[in-house]
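Student: I'd like to go through the interfaces in this model with you. Can we keep asking what each label rests on?
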Number of protein chains: 2
Amino acid sequence: MPSLLVSNIKQLVLAEETPRTTPVPGAELAKLPTLNNAFLLVENGRIKNFGPMAHCPERADKTVDATGRYVLPSWCDSHTHLVFANSREDEWVHRLKGLSYEEIATRGGGILNSAKKLREMPEAELYEQAQRRLEEVRSCGTGAIEIKSGYGLTAESELKMLRVIRRLKETNKMGIKATFLGAHSLPEEYRKGNRQGYINLIINGMLPQIAGEGLAGYIDVFCEKIAFSVAEMEQILEAGARFGLKPKIHVNQFYCMGGIAAAVKHGAVSVDHLEVVDDGDIAALSGSPTIATLLPSAPFFLNDPMPPARKLIGANLPVALASDFNPGTSPSGCMPFVVSLACIQMKMLPEEAIQAATLNGAFALEWGGEYGSIARGKVANFFITRPMPSLAYLPYSFGSNLVERVFVQGE
Amino acid sequence: MPSLLVSNIKQLVLAEETPRTTPVPGAELAKLPTLNNAFLLVENGRIKNFGPMAHCPERADKTVDATGRYVLPSWCDSHTHLVFANSREDEWVHRLKGLSYEEIATRGGGILNSAKKLREMPEAELYEQAQRRLEEVRSCGTGAIEIKSGYGLTAESELKMLRVIRRLKETNKMGIKATFLGAHSLPEEYRKGNRQGYINLIINGMLPQIAGEGLAGYIDVFCEKIAFSVAEMEQILEAGARFGLKPKIHVNQFYCMGGIAAAVKHGAVSVDHLEVVDDGDIAALSGSPTIATLLPSAPFFLNDPMPPARKLIGANLPVALASDFNPGTSPSGCMPFVVSLACIQMKMLPEEAIQAATLNGAFALEWGGEYGSIARGKVANFFITRPMPSLAYLPYSFGSNLVERVFVQGE
């Protein structure tokens, strides 16, 4: 593979001489290692070297001039539902007209609506739709991504989703990890007195086959009043652990239920959403390796309160940002907008938001050694911005597309 | 000029058989005239004809196939400050860190910061920057735009800004109108006991020359506690009227001060902002020809309350949407995002928001006969979307760029 040299970079962002091996804690999020007037050298799809232009190599097979431009590591989007069957704007319009989430659910809306559509859609079409979405988020600068199942809710359809994710991995150079989210919503037929029946199906009817085919590395549960209880989550996580699946949990979107402490106890890689957080939640996270992953596009789209990012950062917790791309509550996988929103509406500083959406996103994917920063040996997934006066200009210009060229494995 | 045929349009939006001659009232905003499976024919930069594909002309000099795509009239952005000298993200970061607007002003920030930068920048550079911004908003689908002065605040610099706008008109095919906003902020040197001195400068030192050179068609005043009082506004509007300048007013951004009633009394084309509105304001607007123009990007960026769009629409007022593109409070001129925001955070329906951002925007520019809808004889400024499942998908997909091809005067 030919070598690539990016020269005359105005500022190389997140350039790590000694790469971090653990997530960036809150207090250090604003300390972004940068290098002005820099070069970046790529060989065989990996970052070979970087440094000041004074030490720039004389030649490479291909050279890109980045005068006036910033180079950032690609976004690591650690929480998405990118595989789904069709958008749900009709339901959104019903919400704008004043219907509640419950009323929409009664009319067959919500997650069960997506599940119905997904069951009816052939795997090939599901793949084609997901592939187009993946191309779109890549054009916004995403270089590594987590994708969940959870719109199947039957063994057959959950497996179909996970096989689509596997095919996306095979046909794309972007980093992709799969999470099994059978416990996304309770199917209609189990709602009347047979909750345990569905949990048993997840544990005995889905997990063995998913683990057997190696279709997922992580297990997720929507721990919420309208979904699964803390006790139900623990039961599912224990089963997942027996098959080697690590927890990444939907929790504290609407209520504080003690789910964060339980997730930490089970060694969760991340706890995601956190629109509501109490002192017990913060105490549970403190000192744990679990990453607090915030998804501001969802409360933006739902008109809900934003996660208390400053409180979490103030408690020195590692915070990551992700898109939550899904058709019901966050129909966008655009990470530059997530970073803008984190600054504008959660008061994160530009440096904090950028580091949360790249390096801490990589750690929330358990890929801190491969993605998320400019470090020698890491995968060469990065993007070049349009000319900008400052790094803060990137989130400040919330309506502009400032991602000019995207490189995945140096291509 | 060669003729252009757009064929196989999935849906032609805002196709008016009989063009409206007055702004769309609130109760009719959701009634969007559309035509499925349509063609659009352009000749000499104007819309020559449109209709169902069954009546499609057999040929034209150039044909564009729009299968699966929507065609919309270009956005008419009736409130912008697109001519400015440099962005102000540094100030924004100070705000994120907790400084108040007043503290930032004390440090030389805010409008006076822009005024200082603008006075120092040569006219040619100011033009180059504005031209790049204009190209960016055009790529988002804007086809007609209002641009204000107001970062000069001296006769010389206000004239410089208005001459830049004139040059933009001469070098671009987009529809551009200019508004004189000398009364944007009170310069430092007039703040201590000499407010009337600056108002006299506007009236005697700026207006005659601006009118003499025909540099503006409209006059604007920032009527607000931190800027100009209602009585000061009236004095300025009366002077403007003597020179034939019609009012378009910044009002009710932070306080209800009776400015709307005064603006209506002076025949204002539009009253803009309206983050706060009381019953007296609504009564003043009812039955008047003045358009209520909402700028949701500003409260989004400032974390302020959104304008009460539903209340205004419920009172059957004509509502328009605009970007307020400016470096301090809305650093984006992206109209698709404004339309998304209007739906997501002001509960406007997609049809209402689209009509408010096109046809009512055109009326707020006093260009209802030229722009804002697909009607025979109107200027052929329109855009073709990427393939979409429905029209509501456009605002629903808030992070996606769905504007695929933009035509200005049919090119």
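Student: How many salt bridges are counted between chain A and chain B?
Tutor: The count there is 2. Bear in mind that this is a predicted model, where local features need pLDDT of at least 70, side-chain atom pairs count only at pLDDT 80 or more, and totals for chains, interfaces and linings use all residues. Residues are numbered from 1 along each chain as written, chains are lettered from A and ligands numbered from 1 in written order, and side-chain values use heavy atoms, without hydrogens and water.

Student: Why is A:Glu136 with B:Arg386 called a salt bridge?
Tutor: The rule wants a side-chain nitrogen of Lys or Arg within 4 Å of a carboxyl oxygen of Asp or Glu. For A:Glu136 and B:Arg386 the closest N and O atoms are 4.0 Å apart, so the pair is called a salt bridge under that cut-off.

Student: What else is polar across the interface of chain A and chain B?
Tutor: There are 10 residue pairs in polar contact, both residues at pLDDT 80 or more. That term means N or O atoms within 3.5 Å; within protein, one must be able to donate a hydrogen and the other to accept it, and residues adjacent in sequence count only if both atoms are side-chain atoms.

Student: Which helix of chain A gives the most to the side that touches chain B?
Tutor: Helix 12, with 5 residues. Helices here are DSSP runs (H or I, at least four residues), numbered from the N terminus. Helix 12 spans 335-346.

Student: How do you know how many residues of chain A are in contact with chain B?
Tutor: Contact means heavy atoms within 4.5 Å. By that test, 37 residues of chain A meet 37 of chain B.

Student: What is the buried area between chain A and chain B?
Tutor: About 3,400 Å², with carbon and sulfur atoms giving 66%. Buried area is the accessible area (1.4 Å probe) that two parts lose on being put together, summed over both.

Definitions and conventions. Helices (H or I, at least four residues) and strands (E, at least two) are DSSP runs, numbered from the N terminus.
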